[in-house]
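Subject: Structure handover

Hello,

Here is the structure I promised you. Please open it alongside this email; my notes follow below.

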Amino acid sequence: KETFDYLRTIAGDIVAVKGDFDQNAQLPLTKVVTEGQLRIGIIHGHQVIPWGDAESLDITARQMEVDILLSGHTHKFEAYEYNGRFFINPGSATGAYSSIPDTTEPIPSFVLMDVQNNSVVTYVYKLIDDEVKVEKLEYKKAADGDVL
């Protein structure tokens with residue numbers, strides 16, 4: 001709650017969903033927001049089995065009817081396009097341990113997204129060897145009528 005309240009002082013419009021250890025019963029399990037022409041789904045990710053699996057996340061995105069799906073739980077950064085949708089796992093800003101097999105030393109990471117109409121530019125921030133590395137990713141939704 002303290003972190004959530006602090007974040008509200010930085011940005012008033014915060015969207016949060018319930019994670020597997022959250023005590024706040026008022027948080028929804030999922031949330032869909034529309035920015036520009038994009039529908040963005042937000043889910044913690046512990047509900048998607050296997051965790052972080054592209055096929056399972058794609059099924060979830062289709063069920064939520066979203067163009068972009070933000071998920072987490074694995075604490076490992078990932079971003080990719082799959083079946084015309086964009087999937088982002090921002091990782092963990094603190095570099096929290098990941099229980100996902102084949103995950104090496106955790107890398108602290110977070111993302112900032114700039115949504116304009118039917119496209120999003122995602123800036124990925126990672127702390128590697130005590131240096132902040134920034135990567136820029138772009139996704140553009142297919143034109144209306146195109147099959148996703």
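Strands β7 (residues 119-128) and β8 run antiparallel and are joined by 10 bridges. Please keep in mind that this is a predicted model.

**The sheet**

In this pairing, Val124 stands opposite Glu135 of β8. The two strands belong to an open sheet of three strands, ordered β6-β7-β8, with antiparallel pairing. β6 (109-116) and β8 (131-140) stand at the edges. Each has a single partner strand, so one side of each has no neighbour in the sheet. On average, neighbouring strands here are turned by 20 degrees against each other, with direction ignored.

**Asp67**

Next, look at Asp67. This residue sits in the loop between α2 (54-64) and β3 (68-70). Is Asp67 buried or exposed? Asp67 is buried: its relative accessible area is 6%, and the cut-off for buried is under 20%. What does its side chain reach? The side chain of Asp67 comes to 2.8 Å from the backbone nitrogen of Arg39. Asp67 and Lys141 lie 74 residues apart in sequence, yet their C-alpha atoms are 7.2 Å apart in space.

**The surface patch**

Last, go to helix α1 (residues 2-10), where you will find Tyr6. Tyr6 is exposed, because its relative accessible area is 53% and exposed means over 50%. Tyr6 forms a nonpolar surface patch with Leu7 and Ile10. Together, these three residues have about 320 Å² of accessible area.

Best wishes

Notes:
Residues numbered from 1 in each chain as written. Predicted model: local features only at pLDDT ≥ 70, side-chain atom pairs only at ≥ 80, totals over all residues. Heavy atoms only, no water. Helix = DSSP H or I, 4+ residues; strand = E, 2+ residues; numbered from the N terminus. Buried < 20%, exposed > 50% of the residue type's maximum accessible area, 1.4 Å probe, protein only. Polar contact = N/O pair within 3.5 Å; in protein donor to acceptor, adjacent residues only side chain to side chain. Patch = residues over 30% accessible without salt bridge, like charges linked within 9 Å, V, L, I, M, F, W, Y side chains within 5 Å. Areas by Shrake-Rupley, 256 points an atom, 1.4 Å probe, with all protein chains shown as cover. Salt bridge = Lys/Arg side-chain N within 4 Å of Asp/Glu carboxyl O. Pairing = 2+ DSSP bridges. Axes fitted to C-alpha atoms, helices over the stretch in contact; angles between N-to-C directions.
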